[in-house]
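Thanks for coming. I'll take a few minutes on one model, starting with the fold and ending with a single side chain.

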Amino acid sequence: IFTLYTKSLPLDVACRVWDVFCRDGEEFLFRTGLGILRLYEEVLLQMDFIHIAQFLTRLPEDTPSERLFSCIANTQMISSNRKWTQ
């Protein structure tokens, strides 16, 4: 788990993700994954599985961090076993 997002995201964005993870806990890692999918939803829907996997393995260096963190903030986490508070 310690390498999660460090290879796929640009270094500055990955550092911000890990800073918030240290503050907010593991929920933020799940919300980050969903935020990435939401941010690139239109692009990903036009790709096949192999290209999606390659794209998500190394996201573009110009990933807009403010838009990404906005997508993460707008992601609601609800589980039947546990409800995460925002």
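The protein chain has 5 helices and 0 strands, where helices (H or I, at least four residues) and strands (E, at least two) are DSSP runs numbered from the N terminus. In sequence order the pattern reads α-α-α-α-α.

Before going on, the conditions. This is a predicted model, in which local features need pLDDT of at least 70 and side-chain atom pairs count only at pLDDT 80 or more, while totals for chains, interfaces and linings use all residues. Residues are numbered from 1 along each chain as its sequence is written, and side-chain values use heavy atoms, with hydrogens and water left out.

Now the totals. The protein chain has 86 residues, and 36% of them count as buried; buried means under 20% relative accessible area, exposed over 50%, and partly exposed in between, with a 1.4 Å probe and protein chains only. Contact here means heavy atoms within 4.5 Å. Among contacts with a separation of 6 or more, 62% join residues 24 or more positions apart.

Next, one helix pair. Two packed helices are described by the angle between their axes and the distance between the axes. Helix α2 covers residues 27–39 and helix α5 residues 65–73; their axes come within 8 Å and cross at roughly 120°. Axes are lines fitted to C-alpha atoms, for helices over the stretch in contact, and angles run from 0 to 180 degrees between N-to-C directions. On the α2 side the contact residues are F28, R31, T32, G35, I36, R38 and L39, and they meet R67, L68, F69, C71, I72 and A73 in α5. By class, that contact divides into 8 nonpolar, 2 polar and 3 charged residues. The classes are Ala, Val, Leu, Ile, Met, Phe, Trp, Tyr, Cys and Pro as nonpolar, Asp, Glu, Lys and Arg as charged, and the others, Gly among them, as polar.

So which residue do I pick from α2? I36 lies in that helix, and it counts as buried because its relative accessibility is 5%. Leaving aside neighbours within four places in sequence, I36 is in contact with Y5, L9, L56, L59 and L68. I36 and F69 are 33 residues apart in sequence and 9.0 Å apart in space, C-alpha to C-alpha.

Last, C71 counts as buried because its relative accessibility is 14%.
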